[in-house]
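Subject: Structure handover

Hello,

Here is the structure you asked about. Please keep it open while you read the notes below.

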Amino acid sequence: MHEVIQFEKVSFRYPDEEEWILDDFSFTVHRGERIVITGPSGCGKTTLLYLCNRLYPDNCDGILTGSVKLFEKDSLSFIPGEINRHIATVFQDPDAQFCMQTVEEELAFTLENLQTKHEEMGKRISDVLVLTELTEFRHAIIQKLSGGQKQRIATACALIMDPEILLLDEPIAHLDPYTAKKYVEWLDDLQQKRKLTIVAIEHRIDLWGDFFDRSIPLYQGEVTPQLKKRTSSTQEYTSLVVNNVQSKPFLKEATFTLNRGEITVLAGPNGSGKSTLLKALCQLIPSCGTVQPKYLGYVPQSPEFLFLTKDVRNEVGFGGGNNVDELLTRLQLLPIADAHPFAVSHGQKRRVAIAAMLCDGREIILMDEPTSGQDAAALSELFQLIDERARAGTTFLIVTHDMEFAHCLADSILLMNNGRLTGKFAADAIWQNELLLLDHHLLPPKGLIRHEECFA
């Protein structure tokens, strides 16, 4: 088997930092292999991918020692852009790689960079949209799509390059459970047809089944205990009243109430309107209807949109509060307290935004995909923090595709589909309703119903 990626005693750090992100690291990937890179948030997984696709060290002035070989050739010997014809990347944040307004324009832009003949572009775009089941989105405006839909578009942009190696940075982080399962099945078929080499970063390994040939851990630490089902913290007093909130043309009228201390998960398929509903509740998009109270804490799906300061410590404490150090410690942010919020990993950015909102002391907090990019230790601490705040009276409305997290945490579940609120359900009852789960692209938590039974 030919070696397509080879690291020998590689160390890497940024020029303004003393600690090495990768330190004397070696690994090899053979042609056609399926490799998953694991490790806690901020341990260097994304940096490793960026060394594989030649984004680093040149684009960050990083300091690199050791040997990185791509296709048995020194990576530094490739001219700018040359390696990208062979190695395609789907980034952790799909918004970071989009340049054009519509899906078709984005795909055409990718082909233009490859100097593809104009007369060939139409067919290649059509072919990749059929392959990725995205034909209906050909003329869609990318920024109006859901996070999960954007992730699929980003994958299509990578595949249209016809690469030999596909690098994936948490590709199912924003996909609903059923779509994630189908994505893995689709990728399995595609890999076999095209003989792709796949290197992926992933925290949600359970959703991949036996897809990967082997795992490469970047960090060996203690095993974090599994989350356990909590007892309800819901009080009898109403905290949030939502009456006929809608945002035309997609979000239909939504009416529901949440009680003080209640933890509610908002779930449903990609593109069903979950993030849109949160934005409407916070009056961030044009909407009508009433929300009481009007001032809500909000952690968006792209947390960097909240950042206002130049270091993590000040960002967490920006809205006030006297427990900054406690939150930095508990959410594993103390080692990066002096770093710029935009310079940390995707998972760390999300924890910075969560810490800032918890420090702010809001009585009602909305969170959009807080579990994305989080390792087991971070999820455990986030679980404990939310539970503690709920018992103290804080009300939470949380969008998540992580059904294990939802099962352990939620008092109730709000389901959405096609822009409409299906209803509010008791968390304990919903996992046994196979048809309801199927209609909303959800998989039951492990140990309740086997996935094959639910989606046979």
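Met 416 has Leu 421 in strand 18 as its bridge partner. The two strands here are strand 17 (residues 412-417) and strand 18, which pair in the antiparallel sense over 6 bridges. Strands pair if DSSP finds at least two bridges between them. Strands (E, at least two residues) and helices (H or I, at least four) are DSSP runs, numbered from the N terminus.

Before going further, note that this is a predicted model, in which local features need pLDDT of at least 70 and side-chain atom pairs count only at pLDDT 80 or more, while totals for chains, interfaces and linings use all residues. Residues are numbered from 1 along each chain as its sequence is written, and side-chain values use heavy atoms, with hydrogens and water left out.

Angles run from 0 to 180 degrees between N-to-C directions, and axes are lines fitted to C-alpha atoms, for helices over the stretch in contact. Contact means heavy atoms within 4.5 Å.

Another open sheet has 5 strands in the order 6-7-8-3-9, and its pairing is parallel. Strand 6 and strand 9 (214-217) are the edge strands. The twist averages 20° from one strand to the next. Strand 6 and strand 7 are joined by 4 bridges, and Ile 87 has Ile 165 in strand 7 as its bridge partner. Helix 4 packs on this sheet, touching strand 6 and strand 7, and its direction makes about 175° with that of strand 6.

The nonpolar core

Which residues touch the most other members of the largest nonpolar core? They are Val 103, Leu 107, Leu 166, Leu 168, Tyr 183, Leu 187 and Trp 208, out of 44 residues. A nonpolar core is a set of buried Ala, Val, Leu, Ile, Met, Phe, Trp, Tyr and Cys residues joined through side-chain atoms within 4.5 Å. Buried means under 20% relative accessible area, exposed over 50%, and partly exposed in between (1.4 Å probe, protein chains only). In soluble globular proteins, nonpolar side chains tend to be buried together.

Among the elements that give two or more residues to the core are strand 6 (87-90), helix 4 (147-159), strand 7 (165-169) and helix 5 (177-194). Not counting residues up to four places away in sequence, Leu 166 touches Ala 88, Val 90, Ala 158, Leu 159, Leu 187, Thr 197, Ile 198 and Val 199.

The buried residues of helix 5 include Tyr 183, Val 184, Trp 186 and Leu 187. What covers the buried residues of helix 5 includes strand 3 (34-38), helix 3, helix 4, strand 7, strand 8 and helix 11 (403-409). Lys 195, which follows helix 5, has a positive phi, near 55°.

Aromatic pairs

How many aromatic pairs does the structure hold? There are 13 aromatic pairs. Rings of Phe, Tyr and Trp (its six-membered ring) pair if their centres lie within 6.5 Å; planes under 30 degrees apart count as stacked, over 60 as edge-to-face and the rest as tilted. Tyr 50 and Tyr 56 form an edge-to-face pair, 5.0 Å centre to centre with 90° between the planes. Both Tyr 50 and Tyr 56 are buried. Ring pairs link Phe 12, Tyr 14, Tyr 50, Tyr 56 and Phe 91 into a cluster.

A loop residue

Pro 15 is in the loop between strand 1 (3-13) and strand 2 (22-30). Leaving aside its neighbours within four places in sequence, Pro 15 is in contact with Cys 60, Asp 61, Gly 62 and Ile 63.

Regards
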